[in-house]
Amino acid sequence: MEGQDIETTTGARAAEEHYADIYGEDGAVRSSFLAQIGAAIADRDTLTLKREVDDLHQSELGDLLEALHPEQRRALVELLGSDFDFSALTEVDEAIRLDIVDNLPNEQIAQAVQELDSDDAVYILEDLDQEDQDEILSQLPFTERIRLRRALDYPEETAGRRMQTEFVAVPPFWTIGQTIDYMREDKNLPDRFSQIFVIDASFKLLGAIDLDQILRTKRAVKVEDVMHETRHAIPATMDQEEAAREFEQYDLLSAAVVDENERLVGVLTIDDVVDVIQQEAEEDLLRMGGVGDEELSDTIAATSRSRVPWLLVNLGTAFISASVISVFGATIEEMVALAALMPIVASLGGNAGTQTMTVTVRALATRDLDIYNAGRVIRREVMVGLLNGGIIATILGLVAGIWFHNPDLGFVIAAAMILNMLAAALGGILIPLFLDKLGADPAISSSIFTTMITDVIGFLAFLSLATWWLHLGERAG
């Protein structure tokens, strides 16, 4: 035990030193390491590059690729040749991956794809043009070509696209001893697996056995006597986000993927599901900001194309808000203080609406909000809006009254703030619910419409109350 502890400590220390050689304290790739790699690329020093890159994990190599200039990363891949780990391309932005792959001959890609797990191979191939896909697949062995083609035929962002087609499957009449011998002798099994699936002659999924169960069972026992039912088999056409939710709910490490006839076609593993969860979370965050699936490595033109449409929509909603203000032009001219206070009402209402909307969109994505608890959540948000509105209105009313030496103006803006905070609460939850009901992604456009609602209601309430107050003062005078 003491020797194992020393070995473990030594391994941990070596890992820390390796990390420190590559990354700085901020988690970014060290400039010194980048300079060293850059110098080797400039000198076309293949031996140094292979020595420095050989021990890198695929994620570390991916970070290095993202940190290098485009010309350097292309040269790095070219110089490494067959020694380049193509699995690193699954760790980089799509734009970088395509930039590298587009500069490589299809023969080299076909050779590299054969060394990858099927899920990683599909991840690289799915972004290529159909013509390039067909040419690369035509150069692969028949069995591997059929597996990859079947995965590519499933729709994007489904379990079928993310699954690994390499798995271990045995018939139910085999003994545990036969199964163990098969795992020891077959050279084509996956490198890592935790379950063995049980299938009939037509590949229909019957059950599964965990590896620990096999180790605890005598060799003479039949597989069908110890297998358990696979209660969480995932349809290949299931959306990858739904599949990830299955993993989260049932604490799965892997799950069988089946076609429409319940035949086993692949396995989904936790490492792929973690990537899906991260991808979906980033996607929702970007869509809420109106930037689509933009990445830092995108070109200026691509970035502009992804942002302009929603800016145009935002421009339209801004005109609606401006038209509301223009109706009360005479009131604003009569009391200039209103122009100074209007942005406060709109800003606070917009922020309150964004708070509610963010919570709502996330709850819809995680299925925590549905038709059964929507009423209760709406009532809660209304009460929160009224409470926060009352607090902010009191402070704002006092400040405005003292600032402009006009207590009545303080009452007007306080009342408008309460109405706007209530509108923000309702808009922040009802707009995402409405979009979700229509089948639209509530993360895409909720923020723009919520902001429009709070601006319009805020301006309308504030200026209407101010107009009423001025007219009331004129009558009293």
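Q: Which residues in helix 7 meet which in helix 9?
A: Asn106, Glu107, Ile109 and Ala110 in helix 7 meet Asp132, Glu135 and Ile136 in helix 9. Contact means heavy atoms within 4.5 Å. Helices are DSSP runs (H or I, at least four residues), as are strands (E, at least two), numbered from the N terminus.

Q: How does the contact of helix 7 with helix 9 split by class?
A: The contact of helix 7 with helix 9 has three nonpolar, one polar and three charged residues. Nonpolar covers Ala, Val, Leu, Ile, Met, Phe, Trp, Tyr, Cys and Pro; charged covers Asp, Glu, Lys and Arg; the others, Gly among them, are polar.

Q: What should I know about the model and its numbering?
A: This is a predicted model: local features need pLDDT of at least 70, side-chain atom pairs count only at pLDDT 80 or more, and totals for chains, interfaces and linings use all residues. Residues are numbered from 1 along each chain as its sequence is written, and side-chain values use heavy atoms, with hydrogens and water left out.

Q: Back to helix 7 and helix 9. At what angle do the axes cross?
A: Roughly 60°, with the axes of helix 7 (residues 106–113) and helix 9 (residues 130–138) coming within 9 Å. That makes helix 7 oblique to helix 9. Axes are lines fitted to C-alpha atoms, for helices over the stretch in contact, and angles run from 0 to 180 degrees between N-to-C directions. Under 35 degrees is roughly parallel, over 145 roughly antiparallel, 65 to 115 roughly perpendicular, and the rest oblique.

Q: Is that crossing of helix 7 and helix 9 left-handed or right-handed?
A: Helix 7 crosses helix 9 in a right-handed way. Right-handed has the near helix turned clockwise from the far one by less than a right angle; left-handed has it turned anticlockwise.

Q: What about helix 9 and helix 10? At what angle do they pack?
A: About 155°, with the axes of helix 9 and helix 10 lying 10 Å apart. That makes helix 9 roughly antiparallel to helix 10. Their crossing is right-handed.

Q: Which residues in helix 9 and helix 10 meet?
A: From helix 9, Gln130, Gln133, Asp134, Leu137 and Ser138. From helix 10, Arg145, Leu148, Arg149 and Leu152. The contact of helix 9 with helix 10 divides into three nonpolar, three polar and three charged residues.

Q: Where does glutamate 144 lie?
A: In helix 10 (residues 142–153). Glutamate 144 is partly exposed, at 22% relative accessibility. Buried is under 20% relative accessible area, exposed over 50%, partly exposed in between (1.4 Å probe, protein chains only). Leaving out residues up to four places away in sequence, glutamate 144 touches Val113 and Gln114.

Q: New topic. How many residues has the largest nonpolar core?
A: The largest nonpolar core has 59 residues, and Leu64, Leu65 and Leu76 have the most contacts inside it. Helix 5 (residues 70–80) gives this core its largest share, five residues. Such a core is a set of buried Ala, Val, Leu, Ile, Met, Phe, Trp, Tyr and Cys residues joined through side-chain atoms within 4.5 Å.

Q: What does leucine 65 touch?
A: Not counting residues up to four places away in sequence, leucine 65 touches Arg73, Leu76, Val77, Phe84, Ala88, Leu89, Val92 and Ile100. A second, separate core has 31 residues, including Leu409, Val412, Ala424 and Met452.

Q: Is glycine 81 buried or exposed?
A: Glycine 81 is buried, at 18% relative accessible area. It lies in the loop between helix 5 and helix 6.

Q: On to backbone angles. What is the phi of phenylalanine 203?
A: Positive, about 70°, although phenylalanine 203 is not a glycine. Most residues other than glycine have a negative phi. Phenylalanine 203 is in the loop between strand 2 (195–199) and strand 3 (205–210), and it is partly exposed at 40% relative accessible area.

Q: And what is the phi of aspartate 251?
A: Positive too, about 55°. Aspartate 251 lies in the loop between helix 15 (240–250) and strand 5 (254–258). At 66% relative accessibility, aspartate 251 counts as exposed.

Q: Last one. How do the axes of helix 19 and helix 20 cross?
A: At roughly 160°, with the axes of helix 19 (residues 337–365) and helix 20 (residues 374–403) coming within 12 Å. Helix 19 and helix 20 are therefore roughly antiparallel. The crossing of helix 19 and helix 20 is right-handed.
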